[in-house]
Amino acid sequence: MNKQKLATKIWETANKMRSKIEANEYKDYILGFIFYKYLSDKEVKFLKDNDFSDSNIKNVTEADAETVKFVQQGIGYFIAYNDLFSTWLEMEKDFNVGNVRDALSAFSRLINNSHKKVFDGIFETLQTGLSKLGDSAASQTKAIGDLIQLIKDIPMDGKQDYDVLGFIYEYLISMFAANAGKKAGEFYTPHEVSLLMSKIVAEHVSGKTELKIYDPTSGSGSLLINIGQAVAKYIDNPDKIEYYAQELKKNTYNLTRMNLVMRGISPYNIKTRNGDTLEEDWPYFDESDPVASYDPLYVDAVVSNPPYSQHWDPANKDADSRYKRFGLAPKSKADYAFLLHDLYHLKPSGIMTIVLPHGVLFRGGEEGLIRKNLIEQNHIDTIIGLPSNIFFGTGIPTIILVLKQKRDNTDVLIIDASKGFAKEGKNNKLRESDIKRIVDTIVCRPDVVPKYAKKVSRETIRENEYNLNIPRYVDSANDAETWDIYASMFGGIPKSEALLLDRYWEALPGLYEAIFTDDGTPYLSVAINDVKNDVENNVAVKQFKGTFDFAFMSFPDFLYEELINKMETVEISKEETEVANNIFERLKDIPLIDKYVAFQMLSDEWTKISIDLEIIQTEGFEAAKKVEPNMVTKKKGDKEVEIQDGWIGHVIPFEIVQATLLKEDSDALQAKEARIIEISEKYAEIIDSFSEEDKESDVLNEAKDAFVTKEIAAKVKEIDKATLDEFECSIILVSRLMGEEKILKAEIKRDAEILHIKTKDTIEGLSNAQVIELLELKWIRPLVSNLNTLPTAIIEELISYFQVLSGKYAVTYSAIEEQISETQDALSALIDELTGNKFDMKGLSEFQKLLKGE
C-alpha cells in the first residue's frame with residue numbers, strides 16, 4: 001500500500017474512531033501516538049545498528065545505567081524495552097492504559113540534557129488527555145489499543161526513511177483541520193499556501209550555503225517544514241538549515257516539535273519556544289543563562305500565518321525595537337504587530353512572507369501610518385491576492401505580503417491571484433499551476449500582466465495615499481459585454497469586436513482574411529459556411545498544429561530516458577521541475593498555448609508517477625511485480641469490519657495489464673457486459689411499445705419501468721402460441737432475453753474472477769521488459785496524450801469564440817421588426833374571421849387597432 005492509500009485508510013478509520021471527540025482534540029491523541037511510535041522504532045533501529053540482537057533489546061531496562069547513557073547520547077532519549085511501541089503490540093490482551101502512562105512518565109525522566117529543549121513536555125497534551133478517551137480504564141485501554149493497531153503498519157525503513165511517517169502525519173493534520181472548523185486556523189496553513197510561500201522564499205535564498213528560518217506562529221510546524229524542504233534543494237547540506245519556531249498554545253507547540261523531529265531534522269537544528277510572540281520577543285536562545293546579553297535573533301527567512309485581527313496590548317511598547325520605526329498596531333487588530341515582529345528579525349539580505357487579511361492593505365488610522373512607513377522605507381516587495389475560502393474555518397479574503405529588509409528597487413509588484421483555483425468541497429484550492437504562475441511572476445517581475453499583475457511605482461502609491469487595495473491597481477474583473485448599435489440594427493460583425501481575438505489572428509496569419517469579408521466599413525461579414533471544417537483545414541491552423549507536433553516529437557523519448565532508464569536513481573523531488581522546464585522549452589516558440597495549462601497536466605500525472613518512483617527506489621524494481629490485498633470496509637451487524645476483496649497491483653494497475661497482456665480475455669468479458677446493457681435497453685424499448693392497457697399487466701412492476709421475472713414466467717405458460725398477438729410476442733421475447741441475461745451474468749461473474757486471478761498471476765510473473773513496457777504506458781502515455789490535446793483545444797476555443805461573435809448579430813433588429821410586423825398582420829387578419837357578441841367584437845376591434853398601430 002503506497003503512502004497516499006495508507007494515509008487515507010488511517011484517516012478514515014481514525015475519523016470514525018474519534019466518535020464524539022472534537023477533531024481538534026482527537027488529533028493530539030493520534031498524532032501523539034504516531035510520534036511515540038517514531039521515537040520507539042528509531043531507538044530499536046539505533047540499537048540494532050549498534051549490534052544489539054533481539055534478545056539483547058529485551059534486556060534493555062532503566063536499571064542498566066550504561067545502556068541508558070549510551071542510548072541517550074546516541075538519540076537524545078531512552079525508552080526501556082517494556083515501554084517500546086512494539087512491546088505494546090506484543091502484549092496483546094495484557095496491554096492497558098497504565099502501560100502508556102508509565103511509558104510517557106519514564107520518557108520525560110530519561111531525556112538527555114542536550115535534548116531537553118526538543119523533547120521536554122512533548123507528550124504533556126497526550127498524557128493529560130488520556131482520560132478523555134473513555135470513562136474507565138477499560139474503555140481507555142480499548143480506545144488506545146485501537147489507535148496503536150491502526151498506526152502499527154506505518155513503515156519506517158528503506159530509502160524513504162521517515163518520509164512515509166512524515167507524509168502521513170502531515171496528511172492527518174490537514175484532514176483534522178478540514179474537520180475542525182474555525183479552530184483549524186490555530187494549527188494549520190493549507191499545504192498549497194505553504195508551498196507557495198516556501199517557493200517564494202526558496203527562489204530568494206538560493207545560493208546560500210547555510211540558512212536560518214523562523215516561524216513565530218508555528219502552529220503544527222508544517223509551514224516551516226515546507227520552507228525547509230524547498231530551500232534544501234538549493235543547499236548541498238540540509239544540516240546547515242536551522243529551524244526556529246515559536247507557538248503560544250502548548251498542545252500546538254508540541255505538534256511543531258513532533259513534526260520537525262519526525263522530518264529527520266537534527267534536534268541540534270531545532271530551536272523552539274512556547275510563548276507569546278507579541279508579548280515576549282525572543283532575543284536569545286540560551287535562556288538557561290540568566291545574565292546572557294540581549295542578542296536579537298536575525299534570520300534569512302521568516303514565514304508566518306498569524307491569527308487574523310487578533311486583540312493585543314500595545315501599551316508600553318513604543319520603545320520596543322520591533323515597532324518604534326513604524327508605529328504601533330491598534331489594540332483591536334494585531335496584524336501589523338505580527339508583520340513588524342517578522343520584519344525585525346530579518347537579516348539585511350532576508351525575506352519574509354506573511355498571510356494577512358485583505359484589510360491591512362487599505363485600513364486607515366494606525367495601520368495606515370504603519371503602511372506608509374513600510375512603503376517609504378522600501379520594505380514591501382510583493383502583494384499577492386489569494387482566492388476566497390482558501391483557509392479552513394474562514395472565508396475572508398486573504399493576501400500574502402512579501403517583504404525584504406533591503407531592496408534594489410522601490411516599486412511594489414501587485415498580483416491578483418484570486419481567480420486561479422480549483423473548487424474542492426466547500427473550499428477553494430490553489431493548483432500547482434496557480435502556484436507556479438505566481439512564483440514565476442515574482443521572479444520575472446514584469447511591468448504588467450493584463451488582468452493579473454502590475455508593477456506599481458512608489459509615486460503612484462503616494463498619489464493613492466498609500467492605499468494598496470489590489471483592485472486600484474489590477475483590474476481582474478471580466479470585461480462587461482458590449483453591443484454595437486449599428487450591427488444590432490443592420491447586422492455585420494464590428495471590427496472592434498473581431499480584434500478582441502487579435503492574439504489568434506496574429507498567431508494564425510491569413511485566417512482572419514479567410515473567414516471575414518472586409519468591405520472597407522467598420523463592419524465585417526462572414527465569408528465561410530462550415531466554420532469548424534474551414535477553420536480546422538486552414539493552412540495556418542494546420543501549420544500551427546504541425547509546429548506543436550514537431551516540437552514534441554521527441555518528448556516521449558525524453559521522458560523514457562528520465563523516468564524509465566533512471567527510475568532507480570532519479571531525484572524525485574527535483575525531477576518534476578526538470579520535466580516542466582523541458583515542456584516550457586518546447587513551448588517557447590509556440591503561440592497561444594498557456595504553458596501553465598501544460599504544467600497542470602504534468603502536475604496531475606506527476607502525483608501518480610512520483611508515488612511509483614518512491615516505491616521502486618525504496619523496495620527495488622521487483623516491487624513492480626507485486627500485488628497486495630485489496631482491503632475494503634463492510635458492514636457486519638452493527639460493526640464495520642475490514643475484509644479482503646481480491647487483489648490490486650502494488651505499482652502496475654490491473655486495468656493496464658488487462659488492456660494489453662490479457663486483452664483477448666478482457667475484450668471477451670467486456671463483450672458480455674455490453675450484451676447485458678443491450679438487453680437492458682431492449683427491455684426499455686419493449687415497455688415503451690406497450691399500449692396503456694398492456695402496461696397495466698402484472699408483468700410490469702408498480703413503477704411500470706421494469707419486468708417482474710416471476711410474472712413473465714407465469715404469463716409465458718398461459719400463452720397459446722397458435723394465436724399470438726403483439727403483446728404476447730413481446731412477452732416471449734422478454735422471457736428469452738431474461739434467460740440469456742441470467743446465463744450471461746453467471747458467466748460474467750465466473751469470467752471476472754478468472755480474469756482477476758489471471759491478472760494477479762500475470763503481474764507476479766512479469767519479465768523486466770514487460771514491466772518497463774507497462775510503466776511506459778502508465779507514466780508516459782497519459783501525459784503525452786494530454787499534452788497533444790493542447791493545440792486542438794486552442795482551435796476549438798477560437799471556433800467557439802467566433803461562433804458566439806457571428807451569432808451575436810446574426811438576427812438584426814430590423815429583421816425582428818419585420819417578423820413582428822408580419823405576425824401583427826397575420827393576427828389582425830385572423831381577428832377579421834372571428835365572431836362573437838357585441839362586447840367581444842368591440843374588444844377585438846380595439847385590439848386590432850393596437851396591432852395596426854392606430
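The following legends describe close-up views of a predicted model.

**View 1. Confidence along the chain.** The chain has a mean pLDDT of 89, with 94% of its residues at 70 or more. Confidence is highest in strand β6 (residues 380–385), at a mean of 98, and lowest in helix α33 (residues 813–832), at 72. Over residues 158–162 pLDDT stays under 50, and the model has 14 contacts beyond four places in sequence for this segment. Where pLDDT is low, the predicted coordinates should not be read in detail.

**View 2. The open sheet β13-β15-β14.** Three strands make up this sheet, and their pairing is antiparallel. Strands β13 (493–494) and β14 (516–518) lie at the edges, each pairing on one side only. Two bridges connect β13 with β15 (residues 523–526), and Ile493 stands opposite Leu524 in β15.

**View 3. The salt bridge between Asp281 and Arg322.** The N to O distance in this pair is 3.9 Å. The two residues are 41 apart and link distant parts of the chain: Asp281 lies in the loop between β3 (270–274) and β4 (299–304), Arg322 in the loop between β4 and α14 (335–344). Asp281 is buried, at 14% relative accessibility, as is Arg322, at 2%.

**View 4. Salt bridges within helices.** In helix α16 (residues 432–444), Lys436 and Asp440 are four residues apart and therefore separated by about one helical turn; their closest N and O atoms are 3.5 Å apart. Asp440 is buried, at 17% relative accessibility. Lys532 and Glu536 form a salt bridge of 2.8 Å, N to O, and both lie in helix α22 (residues 531–536). Lys532 is partly exposed, at 42% relative accessible area, and Glu536 is partly exposed, at 25%.

Terms used:
Residues are numbered from 1 along each chain as its sequence is written. This is a predicted model: local features need pLDDT of at least 70, side-chain atom pairs count only at pLDDT 80 or more; totals for chains, interfaces and linings use all residues. Side-chain values use heavy atoms; hydrogens and water are left out. pLDDT is the predictor's confidence in each residue, from 0 to 100. Contact means heavy atoms within 4.5 Å. Two strands pair if DSSP finds at least two bridges between them. A salt bridge is a side-chain nitrogen of Lys or Arg within 4 Å of a carboxyl oxygen of Asp or Glu. Buried means under 20% relative accessible area, exposed over 50%, partly exposed in between (1.4 Å probe, protein chains only).
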